[in-house]
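Please read the briefing below alongside the sequence and the 3D view. It starts with a question, then goes through the chains and their parts by topic.

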Amino acid sequence: MKKLLPPLFLLANIIVFLCGCHDKVPLEVTPDQPAEDLEVASLQPSVETSLSKSAVDTTGVLNTEQSKYRATMFLSGVKYDVGTTRQTVSYSSVTFSDKNLPVDLDGRELGFRGIDLGRVQINGMDMIQTQRFIHLFDLPIFDGRDTAVGPAYVLANRNGKDAKDFNFRANSQFEWNVSGKIPIDPFRVPVQTPDEITIISPKSTSIISKNDDLHVQWTGKAESFRLIISGLRGSDIQPILQINLKKSDGNITIPAKILALLPTNTYRTFVFSFISSKTMESQVSNFSDEIFVAASSIHDVVLTVQ
Amino acid sequence: MWWSRLGIAALLFPALAASQHLSSARGIGLAAFIASSNDLSSLDWNPAGLVFVKDWQVGATNFFSLTTNGRNNGLIFHNTGIAKQFLSNNAVGIRYAPGNNSQFVIPNIFTVIDTTSNIQAKVDKQLSYAEHYALGYAFRFNEDLSFGISARYREEQITDTQFFTVRDSLTYISTKTLSSSANSWNLDLGMLWELSPQWKLGVVAENLFKILESEFPEDLRSFTLDTRKAIRSGISYMPRKDLLLALDISTTGDGAAGYEWNVWDNLQLRQGIIVGNTLSPFINAATVGLGWSAKTIHADLAYLHFYDRGTHSGNVTLNDFTSHSIHDVEFHPFTSDQVRFSISVDLGHTKEPLARIDYVEVTSDIYPSSSETFAYRPIGRVKVRNISDQPIEAKVGFYLKPFMDAPTETRRYVIQPGAVSDIPFIAVFNDLIKSVTEPQLRDGDVYVIASPAEEYDDKSQARVRIYSRNNWNGEALTLRYFMTPTEPDVLRFTRSVVSSHKDHLNTVNPALLKFEHAKILFNEFALRLSYVNDPKLSKDWVQYPGETLSLHGGDCDDMTVCFASLLASVGVSSAFIDVVPPNNPGDAHIYMMFDTGLEASKADVVSKNRKRYVVRRNQDGSETIWIPIETTQITKGFEEAWATGAKEYLDDVELGLGLIKGWVKIVDVQ
């Protein structure tokens, strides 16, 4: 029996081996923030002959979103940090387009003609009627000219200049008062502004690496909070990435893998537009389409990404 | 002194710390295993310990983790290995450990939503660290010192999910998976030093050398396992054979302490703690283990428990993961509680040497003509030392080729632990030895075979009767054992008698002093004692002299023994005369005679009657005069007793020829 013990225990070794044929389960690290808190989408490049250049850094609304509506009413308070300089802008625009009056060129639809709304006020302040232009850069026969396609209404207070009495206030009620002009009847559209967003980090002077995570901190509560990263060349900005943030506790980490999507070969500086918006759709009589209304608090931070 | 060597060692290797290895349940149970490792797990703990493998050793370890997140995956095979000792002082070992790995899945912290599809790449990275293969070699420099080297093959792998923008007719985000690996060989050097039978010191230089096969790309290099070079040292102490205390410390500021207690035959209990400045909390973990061993088979069970229930519970956040560094494949801040089970078997020649030949001396040259004498006359001697801790039986064999057909072996000698025995050995030569024509020198083999000395091979019971102290078997030869000449009562009696007759004795012829002593003592003996029958109605009951004196009487045996003791206490030799008449054995009788010390030629001084004394040779070989005494005539005084005794002797010995015929025996008692 004693001589059998070693072989028996060899057999036991083998049995132990066979019994232990489960695989070790990897340790799954729990993310500090759920993946759903951060949604990333690439943005289709803006067509240069669009009705307008991208103004997401001012309006907080993408051209692609805006283009879905024939009428838009925007109100935004913008902080724009470039280097150590901060510009503040209170901005409002109202644009109604007539879908029965398209602007096209050789079959290519460029937009719709604007509608004269008469007198437009916001909180009792008259908005300035301006002409909208289409940029025809890619049509040589036009030699880079623009063409006017109807009125739009704008009111802007840039660093206390221009409409210096027009000031965006967070968490406040604003109201557009449109006197109307045939065929548009007079109407009013109220809007509640969101809490003011102020980015604490990153600072505008920062040079960030797209190989490192970007930790963002801000103040202000936002029901809807998103970041639009746009490439900046001169005064033109090209929205590239949209990041929807579902956190409202004032900080989030943007992984390096998101930043790696930025075309640093094409752009050196990028505008990070942090946008808190309250949006709604409204309707008025004698205008069949819905009006896209957005009140936004925007903080634009220009960063160098390497 | 060994402790001075320890001090020197401490100077050379300042306080060191030890990381843990989880390849052996015994090592886990003890926690501090650097100085105690002596099996296959030495590949991890201290490669120098491989030298203690007896011949072959195979082993295997399984384990299961205890996590609180429900992700326990049953019994997992950890490792198996084999080790071999060769050329007495060398050993190698090799191990395959598929369970020696850690894998981490780092989730993505964002969701990609696109116009083309809703991409949700859930995993950001998958990290895998493994040391599946290890091999080692150890060398025993001398009885106390051994060195070893081990090499562990580390495989690190990262699978990274990368995102990129596709700019086609539409712009969208796509993913791809990139795998990178970083492999290396990591070498440890170890030393084990037995300072004394109780103290052992072990030192290991961990990851002393690293042979890089491949490495991660630069952007992922931060995920490389931080392989730290460290010096780890351990010390073990056995205050008793059944208790082992151990302590490990490391240059990384970590350490461990533990004990192993042989609570029962072959059953060991182990407990340990793991501590460290770099660990949180300081007492990071506790271990407990059981071990069972039976000669060649060893089974061990151990439980490892971490006090910090945060990262060790199986629930680890990304922040936890990035804020803790990992230096070891298996033992790191995310290791969970676990139970390990190990089995190992020693195969081949596993017998521990019990004896050692200290010295061989050949005491005689061999002359072929008288070669037969060496079959019974030793040809030499061997000093055999018992090097075990138990008694052994050893026999020595001698073999001289080609002059012996087979080794000649001695009988078995029992040698106590640590003792040395001189064993003479013999030799039985064959006929070839007689054909030697020229003197020659030859080397003979001398060997010792030892085995534990068993107390008995078999056991039975036998009923024996033990008689009382006064029982006598009736043989005159054994009657003398009842004599107590130095008993205090006897001495007191004789001293007082002699003292009271001092004046008389001073006037006696010195040649007759013994005679006078005997006479005085007998008369005093007669005054105080009387003849009585045996109280137990048994012939075989004898009183000791002290009893006879206190009882003031006895039968012939008692009186004879008592008087002989009295005489012996004053230096007078005596002899018992045992008579068993052939015609009437029931009348068996004992009387005595005493040696006067007188030369036979001076017998007239004692008596002119030749029949009243006996001339016989005393124990010195001299012929002296002996006086027969019948002690039962005690009441009639010395003269009567002498006369009766002389007559009995005449009748029994000289006339009856009892001595010659054998029915009279004379037994010298002093």
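Is the crossing of α5(B) and α7(B) left-handed or right-handed? The crossing of α5(B) and α7(B) is right-handed; a crossing is called left-handed if the near helix is turned anticlockwise from the far one by less than a right angle, and right-handed if clockwise. This is a predicted model, in which local features need pLDDT of at least 70 and side-chain atom pairs count only at pLDDT 80 or more, while totals for chains, interfaces and linings use all residues. Residues are numbered from 1 along each chain as its sequence is written, and chains are lettered from A and ligands numbered from 1 in the order in which they are written.

**The two chains**

- Chain A has four helices and 20 strands, where helices (H or I, at least four residues) and strands (E, at least two) are DSSP runs, numbered from the N terminus.
- Chain B has 11 helices and 30 strands.
- Of the 306 residues in chain A, 38% are buried; a residue is buried if 20 or more other C-beta atoms lie within 10 Å of its own, exposed if 12 or fewer, and partly exposed in between, with C-beta atoms placed from the backbone.
- Of the 670 residues in chain B, 38% are buried.
- Among contacts in chain A with a separation of 6 or more, 65% are between residues 24 or more positions apart; two residues are in contact if their C-beta atoms, placed from the backbone, lie within 7 Å.
- For chain B, residues 24 or more positions apart account for 62% of the contacts with a separation of 6 or more.

**Where chain A touches chain B**

- The contact involves 39 residues from chain A and 47 residues from chain B.
- On the side of chain A that touches chain B, at least two residues each come from α1 (5-19), β1 (27-28), β2 (38-42) and α4 (256-259) of chain A.
- The largest share of that side, nine residues, is supplied by α1(A).
- By class, the side of chain A that touches chain B has 23 nonpolar, nine polar and seven charged residues; Ala, Val, Leu, Ile, Met, Phe, Trp, Tyr, Cys and Pro count as nonpolar, Asp, Glu, Lys and Arg as charged, and the others, Gly among them, as polar.
- β2(A) is joined by two bridges to strand β5 (residues 111-112) of chain B, and these strands run parallel; two strands pair if DSSP finds at least two bridges between them.
- A:Glu39 has B:Thr111 as its bridge partner in β5(B).

**Helix packing in chain B**

- Helix α5 (residues 488-500) of chain B packs against α7(B) at an angle of about 110°, with the axes 10 Å apart; axes are lines fitted to C-alpha atoms, for helices over the stretch in contact, and angles run from 0 to 180 degrees between N-to-C directions.
- α5(B) and α7(B) are therefore roughly perpendicular to each other, given that angles under 35 degrees count as roughly parallel, over 145 as roughly antiparallel, 65 to 115 as roughly perpendicular and the rest as oblique.
- B:Thr494, B:Val497 and B:Val498 of α5(B) make this contact with B:His517, B:Ile520, B:Leu521 and B:Glu524 of α7(B).
- By class, the contact of α5(B) with α7(B) has four nonpolar, two polar and one charged residues.
- Helix α7 (residues 513-528) of chain B also packs with helix α10 (residues 637-655) of chain B, at an angle of about 105° and with their axes 8 Å apart.
- That angle makes α7(B) roughly perpendicular to α10(B).
- The contact is made by B:Lys519, B:Phe522, B:Asn523 and B:Ala526 of α7(B) and by B:Gly637, B:Phe638 and B:Ala641 of α10(B).

**Backbone details in loops**

- The peptide bond from A:Ser201 to A:Pro202 is cis, with omega near 10°, and A:Pro202 is in the loop between β13 (198-201) and β14 (207-208) of chain A.
- The peptide bond from B:Lys401 to B:Pro402 is cis, with omega near -5°, and B:Pro402 lies in the loop between β19 (392-399) and β20 (408-409) of chain B.
- A:Asn123, a residue other than glycine, has a positive phi near 50°.
- A:Asn123 counts as partly exposed because 17 C-beta neighbours are inside 10 Å.
- B:Leu657, also a residue other than glycine, has a positive phi near 55°.
- B:Leu657 is exposed, with 12 other C-beta atoms within 10 Å.
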